[in-house]
Amino acid sequence: MIEFVNLVKKYNHGICAIDNVSLKIDKGEFAFLVGPSGSGKSTFLRLLIKEEEPTSGKILVDGKDITRLKKKEIPYLRRKIGFVFQDFRLLYDRTVEENIIFALRVIEASEREIRTQLKTVLQMVGLSGKEKFYPNQLSGGEQQRVALARALATKPPILIADEPTGNLDPKTAEEIFKTLLEINARGTTILVVTHAKDIVDKLNKRVIALEHGRVIKDEARGVY
């Protein structure tokens, strides 16, 4: 589903953020991407959604080399990848349902699709009944669930979560990861960037560790 082949990303100031990385994340897999600040995690994600271009190497998403995509094709790539941010990035002047509908309007979903997906994703993340709430009326955990619902609304085969529990208390963080596991069980490929060592160690999923732009560990059932 995701494959990096001899990937290199060097910046003009001489720093090599990604240093000859080759790895593959299979369809339906759940993987953690870990490492200290400056290890290359953010660059890894930006390359994957084409916010950055590699210096050399290939990136394959669903078998297609995205390094060769034309500019007009990039929005279609991003429809395949749902993205959940640590700071939620919700529209605070819109309700829960309006935040989710916004994502569906972008891909020009029909009114029938919008109604169906809205109900489906709200149930999936446990927010049925909160449709008319505004984000500032919700807890941090509920806001993260809205962000998850919005990312899932377009039915992407890949979901990336960038520090999805960084601003949440341990109990709420555990609930968010439980939801992520349920989403993964439905077939969505999930990549989570996190510093939550306790959760990584507890879930016993694949762990890819970066340091100075290199993969220093890649274990199918790993710990932080």
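This briefing walks through the fold of one protein, from its overall shape to its sheet, strand pairs and packed helices.

You are looking at a predicted model, in which local features need pLDDT of at least 70 and side-chain atom pairs count only at pLDDT 80 or more, while totals for chains, interfaces and linings use all residues. Residues are numbered from 1 along each chain as its sequence is written, and side-chain values use heavy atoms, with hydrogens and water left out. The protein has seven helices and 10 strands; helices (H or I, at least four residues) and strands (E, at least two) are DSSP runs, numbered from the N terminus.

**Overall shape**

- The C-alpha trace spans about 50 × 40 × 30 Å along the principal axes of the protein.
- A compact globule of 224 residues would have a radius of gyration near 17 Å, and the protein agrees, with 17 Å. This radius is taken over C-alpha atoms, and the globule rule is 2.2 Å times the number of residues to the power 0.38.

**The open sheet**

- Six strands line up in the order β6-β7-β8-β3-β9-β10, forming an open sheet with mixed pairing. Two strands pair if DSSP finds at least two bridges between them.
- At the edges are β6 (81-84) and β10 (214-219), each of which pairs on one side only.
- From one strand to the next, the twist averages 20°. Angles run from 0 to 180 degrees between N-to-C directions, and axes are lines fitted to C-alpha atoms, for helices over the stretch in contact.
- Strand β3 (residues 30-34) runs parallel to strand β8 (residues 189-193), joined by four bridges. Here Ala-31 stands opposite Leu-191 in β8.

**Other strand pairs**

- Strand β1 (residues 2-10) and strand β4 (residues 56-61) run antiparallel and share five bridges. Look for Glu-3, which stands opposite Leu-60 in β4.
- β4 also pairs with strand β5 (residues 64-65), in the antiparallel sense over two bridges. In this pair, Val-61 stands opposite Lys-64 in β5.
- The hairpin of β4 and β5 has two residues between the strands, and Asp-62 takes a positive phi near 55° there.

**Helices across the sheet**

- Helix α1 (residues 41-48) lies across β3, β6, β7 (158-162), β8 and β9 (206-211), and runs at about 145° to β8. Contact means heavy atoms within 4.5 Å.
- α5 lies across β6 and β7, running at about 165° to β6.

**Helix against helix**

- Two packed helices are described by the angle between their axes and the distance between the axes.
- For helix α5 (residues 140-152) and helix α6 (residues 170-185), the angle is about 20° and the axes are 10 Å apart. The two are therefore roughly parallel to each other (angles under 35 degrees count as roughly parallel, over 145 as roughly antiparallel, 65 to 115 as roughly perpendicular and the rest as oblique).
- Gly-141, Gln-144, Arg-145, Leu-148 and Leu-152 of α5 meet α6 residues including Thr-172, Glu-175 and Ile-176.
- Helix α3 (residues 96-106) packs on α5 at about 30°, with the axes 8 Å apart, and that makes α3 roughly parallel to α5.
- Val-96, Asn-99, Ile-100 and Ala-103 of α3 make the contact with Val-146, Ala-149 and Arg-150 of α5. By type, the residues in the contact of α3 with α5 are five nonpolar, one polar and one charged.

Key:
Nonpolar A, V, L, I, M, F, W, Y, C, P; charged D, E, K, R; others polar.
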